[in-house]
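Open the model in your viewer and keep the sequence panel beside it. The tour goes stop by stop: select, look, move on.

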Amino acid sequence: MAVDLRERVRDVPDWPEQGVVFRDITPLLRDPEALDQTVRELAEWGTKRSPAVVLGAEARGFILGAAIAREIGCGFVPARRPGKLPPETVGATYALEYGKNTLELHPETIRKGDRVLIHDDVLATGGTVEAVAQLVERLGGEVVGCCFIIELTFLKGREKLSKYDLHALIVY
């Protein structure tokens, strides 16, 4: 019997700032059945895109990104915050719904022609995925899809990412 994943997401009002409702996936991650179902469903969708690698965006995107890659049978590439990866990196800076951030990766982890599935926990404004997708393309990779646990439709990230194949398990 399938788990209702929406029931495993906790709403945290006014975090990280007043007026924002944070969708906390920690209860979902804690529940073994919900975790298994989430990874399995995202991997089933991703497998059809035949990726060489799954790119997981820090921080919550690479919690499941490696598990999705394992399930698909492909490699995993972490996109990390500045200063987390040793020496040579390439990066992209982007706007969040409440600030700015930068993600970096090792340039040799995306090879010319690589088919890349991008995973992040939440599709909000689309800024994170847009930045890493542009980085993938700059390095010669092809973004074959972007998958999320949650999509927040009111922030219109899907519009920003309209040229990509997108999938979310839970839509608000």
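Begin by selecting K84, which lies in the loop between strand 4 (75-79) and strand 5 (90-96). Helices here are DSSP runs of H or I with at least four residues, strands are runs of E with at least two, and both are numbered from the N terminus. K84 counts as partly exposed, at 48% relative accessibility. The scale is this: buried is under 20% relative accessible area, exposed is over 50%, and partly exposed is in between, with a 1.4 Å probe and protein chains only.

Two notes before you move. This is a predicted model, where local features need pLDDT of at least 70, side-chain atom pairs count only at pLDDT 80 or more, and totals for chains, interfaces and linings use all residues. Residues are numbered from 1 along each chain as its sequence is written, and side-chain values use heavy atoms, with hydrogens and water left out.

K84 and A43 are 41 residues apart in sequence and 27 Å apart in space, C-alpha to C-alpha. A43 sits in helix 2 and is among the residues that meet helix 3.

**Helix 3**

Select residues 61-72. Helix 3 has 12 residues and should span 16 Å at 1.5 Å a residue; its end C-alpha atoms are 16 Å apart, which agrees. The expected span is 1.5 Å times one less than the number of residues.

Which residues of helix 3 are buried? Colour G61, L64, G65, I68, A69 and I72. Look down the axis: the buried residues fall within an arc of 145 degrees, so they line one face of helix 3. The arc is taken from the directions that run from the helix axis to the C-beta atoms. An α-helix has 3.6 residues a turn, so residues three or four places apart point the same way.

Next, show what covers that buried set: the cover includes helix 1 (26-30), helix 2 (32-47), strand 3 (53-57) and strand 7 (115-123).

Stay on helix 2. Its axis comes within 9 Å of the axis of helix 3, and the two cross at roughly 60 degrees. That makes helix 2 oblique to helix 3. Angles under 35 degrees count as roughly parallel, over 145 as roughly antiparallel, 65 to 115 as roughly perpendicular, and the rest as oblique. Axes are lines fitted to C-alpha atoms, for helices over the stretch in contact, and angles run from 0 to 180 degrees between N-to-C directions.

Step off the end of helix 3 to G73, where phi is positive, near 95 degrees.

**Helix 4**

Select residues 127-138. These 12 residues should also span 16 Å, and the end C-alpha atoms of helix 4 agree at 16 Å apart. Its buried residues include V129, V132, L135 and V136. G140 follows helix 4, with a positive phi near 95 degrees.

**Backbone stops**

Most residues other than glycine have a negative phi, and most peptide bonds are trans. Now for some exceptions.

Zoom to D14, in the loop between strand 1 and strand 2. Its phi is positive, near 60 degrees. D14 is partly exposed, at 39% relative accessible area.

In that loop, find P16. A cis peptide bond joins W15 and P16, with omega about 5 degrees.

Go to A59, in the loop between strand 3 and helix 3. A cis bond joins E58 and A59, again with omega about 5 degrees.

Finish at K156, between strand 8 and helix 5 (157-160). Its phi is positive too, about 60 degrees.

How values were computed: Contact = heavy atoms within 4.5 Å.
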